[in-house]
Amino acid sequence: MAWNGGLPGAHSPGTAPKAGLGGHDGVMAGLEGMEQPRRHASATAARWSPGVEDERALKALELFGNPTKAEVPLPSRPESAATARRLTQVVVLREWGLSPKIAEDAVLLVSELVGNAVRHTGARVFGLRMRSRRGWIRIEVRDPSRGLPCLMPVRDLDVSGRGLTLVDKLSDRWGVDLLPRGKTTWFEIRVTSDHH
């Protein structure tokens, strides 16, 4: 299954993103040669409760559509981050049957990608797409801007600018695919049988 639909300039699974676009190539803006630690539990936010959100998540799926079937367009407003979180939760937990920990990480990371799309692209609408294949889940946020997100060093006391740092720490791979009109920012999380 091709993630990118064969779009020119996009890379397919198993190929590394081009240098400077993020991912596991180790070359991210300003961080060349620095160790990129993965999966630190302290990077996980405690602002999301699966039980409380369950009913709202099902309602979001009904209202906006299923991002595993087709890209779901959402208005580029701050409140759309909550919708994207709910859609992610219901897909990861109910449709894919994965663990609450995977759902928590995916919800946090989709929130960061949506926040970047809303704050930095000037778009009226962005798209949310979720895919799974054996051993992996992938979540994509598409927007009409071709401006590339930049992973910046973050200090412990910084109150903003953590978005891509969290994506880099909690995902197994992430990157950006440039499209003829805009880009798709994505992350992937490896799932194993113990994540079900």
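R138 and E140 form a salt bridge, with their closest N and O atoms 2.8 Å apart; the term denotes a side-chain nitrogen of Lys or Arg within 4 Å of a carboxyl oxygen of Asp or Glu. R138 is buried, with a relative accessible area of 3%, and E140 is likewise buried, at 7%. Buried here means under 20% relative accessible area, exposed means over 50%, and partly exposed lies in between (1.4 Å probe, protein chains only).

The model is predicted: local features need pLDDT of at least 70, side-chain atom pairs count only at pLDDT 80 or more, and totals for chains, interfaces and linings use all residues. Residues are numbered from 1 along each chain as its sequence is written, and side-chain values use heavy atoms, with hydrogens and water left out.

## Charged side chains

R138 also meets D177 in a salt bridge, at 3.4 Å from N to O. Because R138 lies in strand 3 and D177 in strand 4 (residues 173–179), this pair ties together parts that are 39 residues apart in sequence. Both R138 and D177 are buried. These residues belong to a network of salt bridges that links R131, R133, R138, E140, R173, D177 and E188. The structure holds 12 salt bridges.

Another of the bridges joins K101 to D105. K101 and D105 are 4 residues apart in helix 3, and are therefore separated by about one helical turn. K101 is partly exposed, with a relative accessible area of 40%, whereas D105 is buried at 2%.

| Salt bridge | Closest N to O distance |
|---|---|
| R138 and E140 | 2.8 Å |
| K101 and D105 | 2.9 Å |

R138 lies over the face of W186, at 4.1 Å from the ring centre, and the charged end of R173 sits over the ring of W136, 3.8 Å from its centre. The criterion requires NZ of Lys or CZ of Arg within 6 Å of the ring centre and within 35 degrees of the ring normal. By contrast, the count of aromatic pairs comes to 0, where rings of Phe, Tyr and Trp (its six-membered ring) pair if their centres lie within 6.5 Å, planes under 30 degrees apart counting as stacked, over 60 as edge-to-face and the rest as tilted.

## Overall arrangement

The secondary structure of the chain comes to 4 helices and 5 strands, in the order α-β-α-α-β-β-α-β-β from the N terminus. Helices (H or I, at least four residues) and strands (E, at least two) are DSSP runs, numbered from the N terminus. Of the 196 residues of the chain, 48% count as buried. Among contacts between residues at least 6 apart in sequence, 69% join residues at least 24 apart; contact means heavy atoms within 4.5 Å.

Helix 2 (residues 80–95) includes S80. The 16 residues of helix 2 should span 22 Å at 1.5 Å a residue, and its end C-alpha atoms are 21 Å apart, which agrees; the expected span is 1.5 Å times one less than the number of residues. Since 12 of those 16 residues are buried, helix 2 is largely enclosed by the rest of the structure. S80 itself counts as buried, at 3% relative accessibility. Beyond its neighbours within four places in sequence, S80 is in contact with L74, P75, V114 and F126. The C-alpha atoms of S80 and F126 are separated by 9.5 Å, although the two residues are 46 apart along the chain. Just after helix 2, G97 takes a positive phi of about 65°.

Helix 3 (residues 100–120) has 21 residues and reaches 30 Å from its first C-alpha to its last, close to the 30 Å expected. Helix 3 is also largely enclosed by the rest of the structure, because 16 of its 21 residues are buried.

## Nonpolar core

The largest nonpolar core has 36 residues, and those with the most contacts inside it are V92, V114, I137, V141 and F187. Such a core is a set of buried Ala, Val, Leu, Ile, Met, Phe, Trp, Tyr and Cys residues joined through side-chain atoms within 4.5 Å. Helix 3 gives the most to this core, with 10 residues. The elements that give two or more residues include helix 1 (50–64), strand 2 (125–133), strand 3 (136–143) and strand 5 (182–190). Not counting residues up to four places away in sequence, I137 touches residues including V92, W96, L98, I102 and F187.
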